[in-house]
Amino acid sequence: MTEIETRLAALGLTLPEPAAPVAAYVPVVIAGDIAHVSGQLPFVDGKLVTGRLGEDVSLEAGVEAAQACAVMILAQLKAVLGSLDRVERVVKLGAFVNSAGDFTDQPKVANGASELMVAVFGDAGKHARSAVGVPVLPLGAAVEVDAIVALRAPRLD
């Protein structure tokens with residue numbers, strides 16, 4: 001088991017099969033030593049978390065949804081990289097929260113993704129971030145998170 005796989009296991013997390021794109025894009029683009037991960041939607045127990053924070057989705061459920069997005073980001077990266085040990089640094093997360101006009105806890109929701117990255121990668125998981133409230137997301141999702149990740153060169157042994 002790799003170091004990151006050991007951390008995931010200790011957290012009780014199993015990476016799901018990476019979700020297929022829902023439109024005309026690819027899940028991950030690698031440019032040089034940077035991976036750009038397309039926005040990932042939250043699947044909890046195989047079901048898409050839908051709804052709007054501040055209306056029919058609780059803050060706690062939003063945090064869990066953001067964490068599920070982060071897990072899917074990891075699954076997408078592992079599928080492309082072969083190993084999450086190639087992640088040198090999580091550079092930035094962008095969190096989009098389907099929220100009512102008077103809901104202002106988008107940063108708390110986004111913490112679900114941010115805290116998972118730190119739990120998995122340690123200091124290398126600390127990142128810049130934006131957390132934005134939006135009136136609707138694809139497929140009615142409650143949260144969507146994208147990522148920019150710095151990579152190590154692949155090992156040749």
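The structure is a predicted model, in which local features need pLDDT of at least 70 and side-chain atom pairs count only at pLDDT 80 or more, while totals for chains, interfaces and linings use all residues. Residues are numbered from 1 along each chain as its sequence is written, and side-chain values use heavy atoms, with hydrogens and water left out.

Contact means heavy atoms within 4.5 Å, and, leaving aside its neighbours within four places in sequence, Gln76 is in contact with Pro18, Ala19, Pro27, Val28, Val37 and Gln40. Helices (H or I, at least four residues) and strands (E, at least two) are DSSP runs, numbered from the N terminus. Just after H2, Gly82 takes a positive phi of about 90°.

The sheet comes next. Two strands pair if DSSP finds at least two bridges between them, and on that basis five strands form an open sheet in the order E1-E2-E7-E5-E6, with mixed pairing. Its edge strands, each pairing on one side only, are E1 (28–31) and E6 (128–134). E1 is joined to E2 (residues 34–40) by four bridges in antiparallel fashion, and Ala31 stands opposite Ile34 in E2. E5 and E7 also run antiparallel, joined by nine bridges, with Lys92 opposite Ile148 in E7. E5 and E6, by contrast, pair in the parallel sense over seven bridges, and the bridge partner of Ala95 in E6 is Ala131. H2 lies across E1, E2, E5 (87–98) and E7 (143–151), running at about 40° to E7.

Helix H1 (residues 3–10) and helix H3 (residues 106–121) pack at an angle of about 125°, with their axes 8 Å apart. Angles under 35 degrees count as roughly parallel, over 145 as roughly antiparallel, 65 to 115 as roughly perpendicular and the rest as oblique, and H1 and H3 are therefore oblique to each other. In this packing, Ile4, Arg7 and Leu8 of H1 meet Ala119, Val120 and Phe121 of H3.

Technical notes
Axes fitted to C-alpha atoms, helices over the stretch in contact; angles between N-to-C directions.
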